[in-house]
Amino acid sequence: MSNTDTQTNPIVPTEGWHVIHLFYQIDHTQWSLLSDDEQLKAKTDLSILIQEIRSTPKTQLLSFSIVTPKADIGFMLLTDDLHLANSFEKQLTLALGADILTPSFSYLSMTETGDYMTTPEEYSENTLKADRNLTEGSDEYESALNEFKSHMAKYTNDKLYPNMPDWPVFCFYSMGKRRGEVFNWYALPFDERKRLMAEHGKVGRQWAGKIRQLITGSVGLDDSEWGVTLFANNSYDIKGIVYKMRYDEVSVKYAEFGDFYIGLQLPLDQLFRRVGL
């Protein structure tokens, strides 16, 4: 595998990583024209490429067998440098041969923290003072505030630099917020948007430990505004959380959803057999 051109300067965000979701159809007619030795070499080349991408610092690559004929095989790539993301994407597309993998859908986004996280000042006023009646400067107050700050530091780091799980069921969809004449998310005051998102988050936390979620920002990068990636140990929880959250006020009034892709995370040898390679 050849990495990016040695002359290119890295394009690394101030914070966070680039994320590319890639979905392909396999041209089984073209694949069948290859000899057994050529097929073995193609699979070996793809396996080596995947392992080399995974060994790259600050880079993760997940592979999936996609359920339903929307696509056959899918990848989720996370890396810091946009040049690396671009190079790896091109190499994956060609790894089995020039005519074997045909892109059916792709999505570019970036990890982000979001605009609506609770600040230490808000936690102090609304939780420590109002709800718990703690006195500012007391040992209990300072301990609770420092614990909150440590929690938020870890939470922020996990959103910007996530460690993706090996849970078997994968779901990806893009989404945006409505900008209609009646319901316009971007015309709402910030405090109202924050309130709605806080209620939305409470619904999602009902699946804590059952769903791993990564929301990535794509404003200016792709056709929608966010990419949502979910992992679970069974499809029931994927269906459950998406169904429940659609009844939340922010979704009912303001959410627009793209196509859904469901995949299964498999070891490479099983993945190749599953997709007919």
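Helices H6 and H7 cross in a right-handed way (right-handed if the near helix is turned clockwise from the far one by less than a right angle, left-handed if anticlockwise). The model is predicted, and local features need pLDDT of at least 70, side-chain atom pairs count only at pLDDT 80 or more, while totals for chains, interfaces and linings use all residues. Residues are numbered from 1 along each chain as its sequence is written, and side-chain values use heavy atoms, leaving out hydrogens and water.

Back to the helix pair. The axes of H6 (residues 190–204) and H7 (residues 235–245) come within 9 Å and cross at roughly 150 degrees, which makes H6 roughly antiparallel to H7 (over 145 degrees counts as roughly antiparallel). Axes here are lines fitted to C-alpha atoms, for helices over the stretch in contact, with angles from 0 to 180 degrees between N-to-C directions; helices (H or I, at least four residues) and strands (E, at least two) are DSSP runs, numbered from the N terminus. His200, Val203 and Gly204 of H6 meet Ile241, Lys244 and Met245 of H7, contact meaning heavy atoms within 4.5 Å.

Then there is the barrel. Eight strands close into it in the order S1-S3-S2-S8-S5-S7-S6-S4, with antiparallel pairing (two strands pair if DSSP finds at least two bridges between them). On average, neighbouring strands of this sheet are turned by 35 degrees against each other, direction ignored. Strand S1 (residues 18–26) runs antiparallel to strand S3 (residues 73–79), and seven bridges join them; histidine 21 has methionine 76 in S3 as its bridge partner. Helix H3 (residues 82–94) lies across S1, S2, S3 and S4, at about 10 degrees to S1.

Definitions and conventions
Angles under 35 degrees count as roughly parallel, over 145 as roughly antiparallel, 65 to 115 as roughly perpendicular and the rest as oblique.
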